Amino acid sequence: MTDINQLMQQARQMQEKMQQAQEEARKREVTGEAGAGMVRVTMNGRYDARQVSLSPELMQEDREIVEDLITAAINDAVKRLEEQNKDAMGGLTEGLNLPEGFKFPF
């Protein structure tokens, strides 16, 4: 049986690591692309769009195509952020001797 004090210490360590990972995630920036790079959207870890870049050739296309490509680039950026956040959060429990079957509410 695991000592409750040891378990509480591990929980504090986990909380500190979680806060650090969340702060790092907020600072992260990714670029989503669509149309073979004709549309690029840079987004920060808070899911704020920071920059949109459109290729000059794209301006000759129909409005609907441009709108669809912008939407796809935003979705690509969101997907990349989620993947990076998942990878960063996945290593948080490493090294903690948690009891078998112990699960966090997330």
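**Fold, core and surface patches of the predicted model**

In the predicted model, D62 is found in the loop that connects strand 3 (49-54) with helix 2 (63-90). This residue belongs to a patch of negative charge on the surface, in which D62 gathers with E61, E64 and D68.

The protein contains two helices and three strands, and these elements follow the pattern α-β-β-β-α when read along the sequence. Of the 106 residues of the protein, 26% count as buried.

In soluble globular proteins, nonpolar side chains tend to be buried together. In the present model, the largest nonpolar core comprises seven residues, namely A34, V39, V41, L58, V66, L69 and A73. Two or more residues of this core are given by strand 2 (39-44) and by helix 2. The greatest contribution is that of helix 2, which supplies three residues.

The relative accessible area of L54 is 33%. L54 is therefore classed as partly exposed, because this category covers values between the limit for buried residues, under 20%, and that for exposed residues, over 50%.

Technical notes: Residues numbered from 1 in each chain as written. Predicted model: local features only at pLDDT ≥ 70, side-chain atom pairs only at ≥ 80, totals over all residues. Heavy atoms only, no water. Patch = residues over 30% accessible without salt bridge, like charges linked within 9 Å, V, L, I, M, F, W, Y side chains within 5 Å. Areas by Shrake-Rupley, 256 points an atom, 1.4 Å probe, with all protein chains shown as cover. Salt bridge = Lys/Arg side-chain N within 4 Å of Asp/Glu carboxyl O. Lys, Arg positive; Asp, Glu negative; His and termini not counted. Charge placed at Lys NZ, Arg CZ, Asp CG, Glu CD. Helix = DSSP H or I, 4+ residues; strand = E, 2+ residues; numbered from the N terminus. Buried < 20%, exposed > 50% of the residue type's maximum accessible area, 1.4 Å probe, protein only. Core = buried A, V, L, I, M, F, W, Y, C linked by side-chain atoms within 4.5 Å.
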